[in-house]
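Reader: I am new to this structure. Could you show me how to read a few of its features?
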Amino acid sequence: MADNSYDVIVLGSGPGGYVAAIRCAQLGLKTAIVERENLGGICLNWGCIPTKALLRSAEIFHYMQNAGDYGLKAQGIEADLEAVVKRSRGVAKQLNQGIGHLMKKNKITVHMGEGKLTGPTSLTVKGDKGEEKLSAKHVIVATGARARDLPFAPADGKRVWTYRHAMTPSEMPSKLLVIGSGAIGIEFASFFNDMGADVTVVEMLDRIVPVEDADVSTFLEKSLTKQGIKVMTGAGVDELKVGAKGVTATIKDKAGKASTTEFSHVITAIGIQPNTENIGLEKLAEMDRGFIQIDPFGRTKTKGLWAIGDCTPGPWLAHKASHEGVSCAEAIAQELGNKDVHPHPLDRSNIPGCTYCHPQIASVGMTEAAAKEAGHKVRVGNFPFIGNGKAIALGEAEGFIKTVFDAGTGELLGAHMIGAEVTELIQGYTVGKTLETTEQELMQTVFPHPTLSEMMHESVLDAYGRALHF
């Protein structure tokens, strides 16, 4: 009979859960993971990775359509949506198999099935082979989240989609309505626009990508409008009438005027709902709107029960979940007597965010407005892509890099970027913030030429009136 007792059981195998399990195993703990669907969770199978595969196809299609800008000729260019989706699913499958390999490599037992807590350190798993009972010294809940539905028009997978439906569309939308302008909404708006759809984005707040710096929001709206996307801010969707061949949307604009428009499809991107119902948490954890409340290491109010990732307070990002997974695993090992491990709490102010639309967006730390609201006197630097030789050579001269410093101490408070490949640049500032870098150290750092990263240097210099190339 199998021994189903462990040091640690992780419920959920997304980027928080599987990383937590690996770190526990590395620290010598007997570890199991429970997954009801696919190893890798939403991120690897239906989120972060396969969407980037879709966006890469759209980006190449865009370049091919504009080959003349690079002195090239291309004729008969067509997009094959079915093939694009097939490639994306292939990428997801490859990574899913990779997680399976990592579980075997680290000797982590995988229990496939629906897990439910029967106590703080015990649970049942219902799978194809029946019901199993598991127990552990510690349990980590990493059940993630799902798309939130519109109350008056839940997604049907045919005309009204969530991100999951949009990942594997049965047909190409001719006229698409995207409700919500966070990262998910804007990425799908960008993808389908590049693929040839007529796209409208509706955002109820006064600007798109509202968590970003206001200057980034303004720049992105102008760029998307130039690309042919209709952007409506301060607007709301009052009603969706779904028919066999399309959707009639009643949209109220910022002036309060309502109008109806026909769309072939609708994507709802209005936030997430944590997967915390019906898993036995009712008396074990403190909840707020369904999210499990935790301390900086992932502890809940009940000894032995921990939580990480999208089922806990935001930001709801894969890399935040993975970081929490490591911190949580190390804190558990310490409680179990490991004196060589030194867990560190998550610093929520130093988590970068990336949006992979065209142009890309990346940021870390405080916006200019947030810094001022927090009482900082600030110095702000801003350097445009048009002033960078590499950006011009790439044909990507649209965008800017903005830095926000405390005027008194020189502390880097935040950095905000929009433009080509900024999602690959933001980590430089994130490392700087983690090391509590000041403006002097950034100014004295040598940046390689010719690279886009030189704009990071120039933005810092600009904050102190020393920009060299603009």
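Predicted model: local features only at pLDDT ≥ 70, side-chain atom pairs only at ≥ 80, totals over all residues.

Reader: How many of the residues of strand 23 are buried, and what follows for the strand?

Author: Buried here means under 20% relative accessible area. Strand 23 spans residues 399-406, and eight of the eight are buried, so the rest of the structure largely encloses it.

Reader: Which strand is joined to strand 23 by bridges, and do the two run parallel or antiparallel?

Author: Strand 22, residues 378-384, is joined to strand 23 by seven bridges, and the two run antiparallel.

Reader: How many bridges join strand 23 to strand 24?

Author: Seven, and this pair also runs antiparallel. Strand 24 covers residues 412-419. Val-404 stands opposite Gly-414. Gly-399 has Gly-419 as its bridge partner.

Reader: What lies between strand 23 and strand 24 in their hairpin?

Author: Five residues lie between the strands. In this hairpin, Gly-410 takes a positive phi near 80°.

Reader: In what order do the five strands of the open sheet stand?

Author: The order is 20-21-24-23-22, with antiparallel pairing. Now look at the edges. Strand 20 (353-355) and strand 22 each have a single partner strand, so one side of each lacks a neighbour in the sheet. From one strand to the next, the twist averages 10°.

Reader: Now the helices. What describes two packed helices?

Author: Two things: the angle between their axes and the distance between the axes. Take helix 1 (residues 17-26) and helix 8 (residues 318-335). They pack at an angle of about 30°, and their axes are 8 Å apart.

Reader: Is the crossing of helix 1 and helix 8 left-handed or right-handed?

Author: The crossing is right-handed.

Reader: Which residues meet where helix 1 packs on helix 8?

Author: Helix 1 brings Val-19, Ala-20, Arg-23 and Cys-24. They meet Ser-322, Gly-325, Val-326, Ala-329 and Glu-330 of helix 8. Sorted by class, this contact has five nonpolar, two polar and two charged residues.

Conventions
Residues numbered from 1 in each chain as written. Heavy atoms only, no water. Buried < 20%, exposed > 50% of the residue type's maximum accessible area, 1.4 Å probe, protein only. Helix = DSSP H or I, 4+ residues; strand = E, 2+ residues; numbered from the N terminus. Pairing = 2+ DSSP bridges. Axes fitted to C-alpha atoms, helices over the stretch in contact; angles between N-to-C directions. Left-handed = near helix turned anticlockwise from the far one by under 90°. Contact = heavy atoms within 4.5 Å. Nonpolar A, V, L, I, M, F, W, Y, C, P; charged D, E, K, R; others polar.
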